[in-house]
Amino acid sequence: MDLTILYRGPLASCDYDCPYCPFAKRRDSSGRLRADRAALERFTEWATAQTGDRLSVLFTPWGEGLVRSWYRRALTELSRLPHIRRVAIQTNLSCRTDWLTESGADLGTLALWCTYHPGQTPYDRFLAKCRDLTARGVRFSVGVVGFPEHLEEARRLRAALPSEVYLWVNAAEGRTYTDAEAAQWTALDPLFPYSRHPHRSAGLPCRTGESVISVDGDGTVRRCHFVRAGLGNLYDGSYRRALRPRACPLATCDCHIGYVHLETLPLYDVFAGGVLERIPRGPAEASQGQQIGPLRLDVIT
C-alpha cells in the first residue's frame with residue numbers, strides 16, 4: 001500500500017496569538033501534553049512497523065509542534081526509515097533549527113511547511129531561520145495568509161528568500177478578493193488562484209479515503225480532516241477494508257490540505273514530489289513573476 005497520512009493529535013497550544021486563529025496563545029494542561037506525547041509515540045511505533053507499505057506523513061497539529069521534543073523526535077525517527085517516502089510538519093518556525101542536522105535526521109525525507117505570521121515574530125528573526133534552513137540543506141516552503149496588512153511583509157520576504165524557495169499565499173478565510181487584490185498576491189505566488197476561491201467538490205472524485213487518510217490521536221481514521229465520518233481505526237487495521245475511491249460529500253473545499261487531493265485539479269502534477277510540504281515541481285521556477293508548474297486557470301473553480 002502507498003498511503004498518505006495526515007496526523008493530528010490532541011495538541012492545541014501555540015506560542016503565537018494570531019487574531020485569525022482559534023488556538024492563539026492557548027495553553028495545554030500537563031495532562032493533555034502527556035496524552036499528545038503518548039499518542040504521537042504510539043503513531044510513530046505503528047508507522048515504524050509498517051515495513052510492507054510505503055507511507056508519507058504530514059503532521060498538521062492545531063498548535064505548534066516543533067517546540068515539543070516529541071515532534072522533533074518523531075520526525076527524526078520516521079525520516080530514517082526506508083519505507084517512509086516523506087515526513088513533514090506544518091510549523092510557525094518559532095523553534096530552534098539546529099536539531100535538524102544535529103539529530104541525524106534524513107534531510108532527503110524530512111521537510112517543513114513553514115508559515116510566517118507578521119506581528120508575531122520579528123521579520124529578521126524569521127528570515128534568519130529560513131536562511132539557516134537553506135544552509136543546512138533542509139527542504140521547506142514558506143507562506144503567509146493573504147491579509148492586506150501582510151502584503152508588504154510578504155513582498156519583502158519574497159525578495160529576500162532564495163528563488164528556489166517557494167513562497168505560497170493562503171487566501172484569508174471568508175475573504176473575497178477583487179481582481180486587483182488577487183493580482184497583487186498572484187505576483188508573489190503564481191498558484192494563488194487555486195487558493196482564492198473555495199473549490200466545488202460535491203460528488204467529485206478525491207484521493208482522500210482511498211490513498212490519503214486523516215488520523216487523530218486515538219487512531220480514528222477519517223478520509224480527511226474535514227469529513228467527520230469514520231473509516232475505522234488505524235491500530236486494529238479496520239480502516240484498510242474501508243479504503244476505496246470516493247467522491248467528496250461536501251459542497252466545497254477551501255483548504256489546501258484538502259483540495260490538493262481533488263482529482264479534478266492538477267495539483268499532484270503541480271506539486272509532484274512535494275505535495276505534503278507544498279513545494280511545486282521544479283522549485284527553481286518559484287521566483288517572482290514566473291509560472292510554477294502547469295498552472296491551468298481553466299480548472300480553478
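# A tour from helix H7

Begin by selecting Ser 195, which sits in helix H7 (residues 192-196), where helices (H or I, at least four residues) and strands (E, at least two) are DSSP runs numbered from the N terminus. The model is a predicted one, in which local features need pLDDT of at least 70 and side-chain atom pairs count only at pLDDT 80 or more, while totals for chains, interfaces and linings use all residues. Residues are numbered from 1 along each chain as its sequence is written, and side-chain values use heavy atoms, with hydrogens and water left out.

Is Ser 195 buried or exposed? Ser 195 is buried, its relative accessible area being 9%; here buried means under 20% relative accessible area, exposed means over 50%, and partly exposed lies in between (1.4 Å probe, protein chains only). If residues up to four places away in sequence are not counted, Ser 195 touches Val 169, Asn 170, Ala 171 and Tyr 259, contact being defined as heavy atoms within 4.5 Å.

Next, display the sheet. It is an open sheet of nine strands in the order E6-E5-E4-E3-E2-E1-E9-E10-E11, and its pairing is mixed; two strands pair if DSSP finds at least two bridges between them. Strand E6 (167-170) and strand E11 (227-233) stand at the edges, and each has a single partner strand, so one side of each is left without a neighbour in the sheet. From one strand to the next the twist averages 25 degrees, with axes taken as lines fitted to C-alpha atoms (for helices, over the stretch in contact) and angles running from 0 to 180 degrees between N-to-C directions. Zoom in on strand E9 (residues 212-216) and strand E10 (residues 220-224), which run antiparallel and are joined by two bridges; there Val 215 stands opposite Val 221 in E10.

Now turn to the nonpolar cores, each a set of buried Ala, Val, Leu, Ile, Met, Phe, Trp, Tyr and Cys residues joined through side-chain atoms within 4.5 Å. The largest has 66 residues, of which Phe 59, Leu 112, Val 142, Leu 157, Trp 185 and Ile 213 touch the most other members. Helix H1 contributes the largest share of this core, six residues. A second, separate core has 21 residues, including Leu 58, Cys 253, Val 270 and Val 275.

Select Asp 53 next, in the loop between helix H1 (30-49) and strand E2 (54-59). With 10% relative accessibility, Asp 53 counts as buried, and a polar contact of 2.3 Å joins its side chain to that of Arg 240. Such a contact is a pair of N or O atoms within 3.5 Å; within protein, one must be able to donate a hydrogen and the other to accept it, and residues adjacent in sequence count only if both atoms are side-chain atoms. Neighbours within four places in sequence aside, Asp 53 is in contact with Met 1, His 83 and Arg 240. Thr 48, in helix H1, is partly exposed at 33% relative accessibility, and Thr 48 touches Leu 78, Leu 81 and His 83, residues up to four places away in sequence not being counted.

Finish with the cysteines. How many disulfides does a search of the whole structure find? The search finds zero, a disulfide being a pair of cysteine sulfur atoms within 2.5 Å. For Cys 95, the nearest cysteine sulfur is that of Cys 114, 8.4 Å away, and Cys 95 is buried at a relative accessible area of 7%. For Cys 248, the nearest is that of Cys 206, 6.2 Å away, and Cys 248 is likewise buried, with a relative accessible area of 11%.
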